[in-house]
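This report describes the fold of one protein chain, followed by selected side-chain pairs.

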Amino acid sequence: VLSIVFLIKIREPFGLLFAVVAIPFGYIIILILWKCYFKRGQHLQISRGNDEFFFGDSADENVLYNKTDIDKITRYDDTSGRSPNTIDIFEILVKDGSTIVFTNSLISGTTLASKFSDKWKLKIGLEQVGLVNFLRMIP
């Protein structure tokens, strides 16, 4: 903040332009890290051969789910083609109406797809959303 005030006092046009451009990008990065910080304890215990898996916000708060009760798995990606975004959001819809939402920092998309590839034949659908909606969806 002090450097921005200093740049305004000096009337450095390129420095001020840099500050105006850098602040929104810094805000986005801090927002993503802030949201991911509180979900750092998420726990997923899933295997390819078992019908049941556990998911919870911590290792102590696991909920048992059955793979046959899964209605749909969706991977959300942002629509900006030049975005260096490497975060994917996964949403698992269960037939009872509950949802499981987590990012690919917990499990990668290819690994998750391999856990449902045998007898469940569940495919992970892709849905692209705008950057603002994507940031809102981060658990």
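## Arg75 and its surroundings

Arg75 has a relative accessibility of 23%, so this residue counts as partly exposed. The model is a predicted one. How many salt bridges does a search of the whole structure find? The search returns one salt bridge. Its partners are Arg75 and Asp88, whose closest N and O atoms are 3.3 Å apart. Because Arg75 belongs to strand S4 and Asp88 to the loop between S4 and S5, the pair ties together parts that are 13 residues apart in sequence. Asp88 has a relative accessible area of 16% and is therefore buried, since buried means under 20%. In general terms, side chains of opposite charge can pair when their charged atoms come close.

Arg75 also takes part in strand pairing: its bridge partner in S5 is Phe90.

## The four-stranded sheet

The sheet that contains S4 is open and is formed by four strands in the order S6-S5-S4-S7, with mixed pairing. Strand S6 (99-103) and strand S7 (124-129) are the edge strands, each of which pairs on one side only. Direction ignored, neighbouring strands of this sheet are turned by 25 degrees against each other on average.

In which sense do strands S4 and S5 pair, parallel or antiparallel? Strand S4 (residues 70-78) and strand S5 (residues 89-94) pair in the antiparallel sense, over six bridges. S4 and S7, by contrast, run parallel, and six bridges join these two strands. Backbone hydrogen bonds are the means by which strands of a sheet pair.

| Residue | Bridge partner | Strand of the partner |
|---|---|---|
| Thr74 | Glu91 | S5 |
| Arg75 | Phe90 | S5 |
| Tyr76 | Glu127 | S7 |

## Aromatic pairs

The count of aromatic pairs comes to three. One of them joins Phe53 and Tyr65, with 5.6 Å centre to centre and 25 degrees between the planes, and this pair is stacked. Phe53 lies in strand S2 (residues 52-56) and Tyr65 in strand S3 (residues 63-66), so the contact ties together parts that are 12 residues apart in sequence. Are Phe53 and Tyr65 buried or exposed? Both residues are buried.

The rings of Phe55 and Phe102 have centres 5.8 Å apart and planes at 40 degrees, so this pair is tilted. Phe55 and Phe102 are each buried.

## The chain as a whole

The secondary structure of the protein comprises four helices and seven strands. Along the sequence, these elements follow the pattern α-α-β-β-β-β-β-β-α-β-α. Of the 139 residues in the protein, 27% are buried. The protein exposes about 9,300 Å², and carbon and sulfur atoms supply 60% of this area. Among contacts between residues at least 6 apart in sequence, 48% join residues at least 24 apart.

Note on methods
Residues are numbered from 1 along each chain as its sequence is written. This is a predicted model: local features need pLDDT of at least 70, side-chain atom pairs count only at pLDDT 80 or more; totals for chains, interfaces and linings use all residues. Side-chain values use heavy atoms; hydrogens and water are left out. Two strands pair if DSSP finds at least two bridges between them. Axes are lines fitted to C-alpha atoms, for helices over the stretch in contact, and angles run from 0 to 180 degrees between N-to-C directions. Rings of Phe, Tyr and Trp (its six-membered ring) pair if their centres lie within 6.5 Å; planes under 30 degrees apart count as stacked, over 60 as edge-to-face and the rest as tilted. Buried means under 20% relative accessible area, exposed over 50%, partly exposed in between (1.4 Å probe, protein chains only). Contact means heavy atoms within 4.5 Å. Accessible areas come from the Shrake-Rupley method with a 1.4 Å probe; for residues, only the protein chains shown count as cover. A salt bridge is a side-chain nitrogen of Lys or Arg within 4 Å of a carboxyl oxygen of Asp or Glu.
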